[in-house]
Amino acid sequence: MTFQARTWHGEAASPLEYVIYVSGEFLTSSGNVIGMGGPRFKFFNSTTDYGLYGHIVMSDGALNSYGLAHEAGHCLFGRFLNSNQNSFTINDPSNPGSDHSNNPQNLMFPTIPNENPQIVSSQCSTARQSKIVLQNASNSRGRIIKNNLTTMKKLNARIIAKMRFMKKDTLRRPVKRRRKLALCKLSRICLSGRPGTAFYICFR
């Protein structure tokens, strides 16, 4: 589905993140899982010259929650730790070695807080340095981009494999029935400015 969306838009005008909503309260038959997200490579030449986009899948149960902000965080945490191409990680910078925060009040805790989630400075700093953010700020769209396609495919395969073993994202509150209303939730992802800076994500 993401490949089709990228084909429709074309590389020069491709969005920074693709969000796919699927019908049903949960993504799994066992229940509770309301979303999954992470980065994907759109080109790769080196550990400093690469491009990313976000890939997010959400269920109906994620509406009226901080689920989208949580999944966007997973996308924005994608980065190389050093010059080795095997060092790419999506781990939470506030909890090294884990893909989630260990603070129950943090936005990136696997059971997403119901209200007033917290974000720490290391998470904000990493998000602001994400290639997803920097490439948009540099206005690089439309230029010819070289690409090591073989390495890019290997890196994407590693990300997908990692995500299969991640702790699943669930909600702390009981899921309500889907409402036919516009979703407009305050999401503290800190793409710019000081820690705590907020912006609105609205869907209609």
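Let's start with a charge and a ring: the charged end of lysine 131 sits over the ring of tyrosine 50, 5.0 Å from its centre. "Over" here asks for NZ of Lys or CZ of Arg within 6 Å of the ring centre and within 35 degrees of the ring normal. Keep in mind that this is a predicted model, where local features need pLDDT of at least 70 and side-chain atom pairs count only at pLDDT 80 or more, while totals for chains, interfaces and linings use all residues. Residues are numbered from 1 along each chain as its sequence is written, and side-chain values use heavy atoms, with hydrogens and water left out.

**Rings around tyrosine 50**

Tyrosine 50 also has an aromatic partner. Its ring centre and that of phenylalanine 80 are 4.9 Å apart with the planes at 80°, so this pair is edge-to-face. Rings of Phe, Tyr and Trp (its six-membered ring) pair if their centres lie within 6.5 Å, and planes under 30 degrees apart count as stacked, over 60 as edge-to-face and the rest as tilted. Tyrosine 50 belongs to strand β3 and phenylalanine 80 to strand β4 (residues 79-80), so the pair links distant parts of the chain, 30 residues apart. Helices (H or I, at least four residues) and strands (E, at least two) are DSSP runs, numbered from the N terminus.

The whole structure holds eight aromatic pairs. Another edge-to-face one joins phenylalanine 41 and phenylalanine 44, at 6.1 Å centre to centre and 80° between the planes. Ring pairs link Phe41, Phe44, Tyr50, Phe80 and Phe88 into a cluster. Four of these are tabulated with their burial, where buried means under 20% relative accessible area, exposed over 50% and partly exposed in between (1.4 Å probe, protein chains only).

| Residue | Relative accessible area | Class |
|---|---|---|
| Phenylalanine 41 | 1% | buried |
| Phenylalanine 44 | 3% | buried |
| Tyrosine 50 | 7% | buried |
| Phenylalanine 80 | 12% | buried |

**The core**

The largest nonpolar core has 30 residues, and Phe41, Phe44, Tyr50, Leu52, Ile56, Phe80 and Phe88 touch the most other members. Such a core is a set of buried Ala, Val, Leu, Ile, Met, Phe, Trp, Tyr and Cys residues joined through side-chain atoms within 4.5 Å. At least two of its residues come from each of β2 (33-44), β3 (50-59), α2 (67-76), α4 (131-138) and α5 (149-164). Helix α2 gives the largest share, five residues.

Take leucine 52: leaving aside neighbours within four places in sequence, its contacts (heavy atoms within 4.5 Å) include Pro39, Phe41, Phe88, Lys131 and Ile132.

**β3 and its partners**

Nine of the ten residues in β3 are buried. Strand β1 (residues 17-22) runs parallel to β3, with six bridges joining them; strands pair if DSSP finds at least two bridges between them. Tyrosine 21 has methionine 58 in β3 as its bridge partner. With β2, the pairing is antiparallel over nine bridges, and the two form a hairpin with five residues between them. There, proline 39 is bridged to glycine 54 in β3.

**One salt bridge**

A search of the whole structure turns up one salt bridge, meaning a side-chain nitrogen of Lys or Arg within 4 Å of a carboxyl oxygen of Asp or Glu. Lysine 162 and aspartate 99 make it, with the closest N and O atoms 3.6 Å apart. Lysine 162 is in helix α5 and aspartate 99 in the loop between β5 (88-89) and β6 (111-112), so the bridge ties together parts 63 residues apart in sequence. Lysine 162 is partly exposed at 33% relative accessible area, whereas aspartate 99 is buried at 10%.
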